[in-house]
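Please look over the model before reading on.

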Amino acid sequence: MILKKIPLRKCIVCGTKKPKSEFLVVVRPPKNINEKMLVIDGSTKKEGRGAYFCKNKECYSQLRKLRKLEKSFRQKIDEQIYNDINKAVKDFE
């Protein structure tokens with residue numbers, strides 16, 4: 001029997017490696033797509049530059065405090081995105 005390789009991703013806040021299904025993902029769409037806003041991708045299927053982080057309050061608070069998304073995407077992050085992420089984190093707890 002052949003075992004399928006599980007893709008691992010690294011949290012941008014705490015640095016732990018887990019399967020990508022255990023993370024929340026914030027995605028910046030490619031330049032050729034008209035969407036200019038970052039989106040939260042629970043399915044991990046959207047295309048574009050993604051930043052993975054754990055689904056817990058500790059990583060979320062550090063994400064916001066240390067401005068990890070702004071550093072990952074090299075752009076200013078709107079307050080609405082952080083509110084959407086906070087709502088998504090609360091849904092998983």
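In which loop does Arg67 lie? Arg67 lies in the loop between α1 and α2 (68–73).

The model is predicted, so local features need pLDDT of at least 70, side-chain atom pairs count only at pLDDT 80 or more, and totals for chains, interfaces and linings use all residues. Numbering runs from 1 along each chain as its sequence is written, and side-chain values use heavy atoms, with hydrogens and water left out. Helices (H or I, at least four residues) and strands (E, at least two) are DSSP runs, numbered from the N terminus.

**Salt bridges**

The structure holds two salt bridges. A salt bridge puts a side-chain nitrogen of Lys or Arg within 4 Å of a carboxyl oxygen of Asp or Glu. The table gives both pairs.

| Glu79 | Arg64 | 1.8 Å |

Accessibility classes follow relative accessible area: buried is under 20%, exposed is over 50%, and partly exposed is in between (1.4 Å probe, protein chains only). Glu79 is partly exposed at 42%. Arg64 is partly exposed too, at 31%.

In the other pair, Glu70 is buried, with 17% relative accessibility. Glu70 belongs to helix α2. Its side chain also makes a polar contact with the side chain of Arg67, at 3.2 Å. A polar contact is a pair of N or O atoms within 3.5 Å; within protein, one must be able to donate a hydrogen and the other to accept it, and residues adjacent in sequence count only if both atoms are side-chain atoms. Leaving aside residues up to four places away in sequence, Glu70 touches Gln75, Lys76, Ile77 and Tyr82. Contact here means heavy atoms within 4.5 Å.

**Positive phi in the loops**

Most residues other than glycine have a negative phi. Arg67 is not a glycine, yet its phi is positive, about 55°. This residue follows α1. Arg74 also has a positive phi of about 55° without being a glycine. Arg74 lies in the loop between α2 and α3. Arg74 is exposed, with 77% relative accessibility.

Which residues of α1 are buried? They are Cys59, Tyr60 and Leu63. Seen down the axis of α1, these buried residues fall within an arc of 100°, so they line one face of the helix. That arc is taken from the directions from the helix axis to the C-beta atoms. An α-helix has 3.6 residues a turn, so residues three or four places apart point the same way. The face of α1 turned away from the buried side carries the exposed residues Glu58 and Lys65.

**An enclosed strand**

Strand β3 (residues 23–28) has five of its six residues buried, so the rest of the structure largely encloses it. β3 pairs with strand β5 (residues 49–54) in the antiparallel sense, over six bridges. Strands count as paired if DSSP finds at least two bridges between them. Phe23 has Cys54 as its bridge partner in β5.
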